[in-house]
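Please view the sequence and the structure together while reading.

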Amino acid sequence: MPLHTLNAPPDEVFRVPTVSLLLFVLASAPANTAPADPKAAVTAVLDDWHQAAAAADEARYFGHFTEDAVYLGTDATERWTRDAFRAWARPYFAKGKAWSFKATSRHISFSKDGAVAWFDEVLDTPNLGPSRGSGVLVKDGGTWKIAQYNLSIPIPNDVLPEVKRRIERHLVRGQKPPAKSGTWQRPPAKVPAPQTPPIKQKAPVPAN
């Protein structure tokens, strides 16, 4: 026993060996070098992005985009750069009423080098109904950023023919030149209306 411990109380005698043993155990324990779950990281970004829109937090929402990001809306004309989309959406954020999308399911995949992720998600929305989002994220340093998002409304196959006819009629109307005043215009050709089930006629009620 070392000389400096001969006259020391018992708890002081064992203090140095106990501390040394603890440091030895900590030093010999394997370091926790396991990387964070990339799917959890991407999920957190997308969830926070949707929550930022619901909270009308413009800076937080558009902070999740890359500088050259593209947002594709449900209309064929809606292909926005990040800045153009932000300019369009600013009045909604300013009023405190943006939109509320909630992902009910999501699939995420990654490139081999782990620097790119792509996903598709099913969305519950109050204004569009059941919708779908898909897109691409890229790793910017240690942060995932949205490089592209595509919002769509899946159309059930049973109603697709009717929707197709309505889209075609809408496009035809949009291609017509404006009528000039004082000139006769040929009436537009009639487009067959979508077939609907025949209405059953009720039998007349016999008179008393």
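## Pockets, a helix and a loop

The largest share of the lining of the second largest pocket, three residues, comes from α5. Here helices (H or I, at least four residues) and strands (E, at least two) are DSSP runs, numbered from the N terminus. This is a predicted model, in which local features need pLDDT of at least 70 and side-chain atom pairs count only at pLDDT 80 or more, while totals for chains, interfaces and linings use all residues. Residues are numbered from 1 along each chain as its sequence is written, and side-chain values use heavy atoms, with hydrogens and water left out.

The secondary structure of the chain comprises six helices and six strands, which from the N terminus on follow the order α-α-α-α-β-β-α-β-β-β-β-α. Of the 208 residues in the chain, 21% are buried (under 20% relative accessible area, with exposed meaning over 50% and partly exposed in between, for a 1.4 Å probe and protein chains only). Among contacts (heavy atoms within 4.5 Å) between residues at least 6 apart in sequence, 45% join residues at least 24 apart.

The two pockets are set side by side below. On a 1 Å grid over the protein atoms alone, a cavity is a set of points where a 1.4 Å probe fits but cannot get out, whereas a pocket is an open set with protein on both sides within 12 Å along at least five of seven lines, and lining residues have an atom within 4 Å of a point. Grid points are joined across faces, edges and corners, and a volume is the space filled by probe spheres set on the points. In the classes, Ala, Val, Leu, Ile, Met, Phe, Trp, Tyr, Cys and Pro count as nonpolar, Asp, Glu, Lys and Arg as charged, and the others, Gly among them, as polar.

| Pocket | Volume | Classes of lining residues |
|---|---|---|
| Largest pocket | about 430 Å³ | six nonpolar, three polar, two charged |
| Second largest pocket | about 280 Å³ | ten nonpolar, four polar, one charged |

Lining the second largest pocket are 15 residues, of which W88, W99, F101, N127 and L151 lie nearest its centre. W88 is also the site of a kink of about 40° in α5, shortly before the proline P91; the bend at a residue is the angle between axes fitted to the seven residues ending there and the seven starting there.

Helix α5 has 13 residues (82–94), which at 1.5 Å a residue should span 18 Å, and this agrees with the 17 Å between its end C-alpha atoms; the expected span is 1.5 Å times one less than the number of residues. Within α5, F85, A89 and F93 are buried. An α-helix has 3.6 residues a turn, so residues three or four places apart point the same way. The buried residues of α5 pack against α3 (38–54), α4 (58–62), β1 (65–72) and β2 (79–81). A89 has a relative accessible area of 0% and, not counting residues up to four places away in sequence, touches F62 and W99.

The lining of the largest pocket includes T74, R166, H170 and I155. I155 lies in the loop between β6 (143–152) and α6 (160–175), where its relative accessibility of 38% makes it partly exposed.
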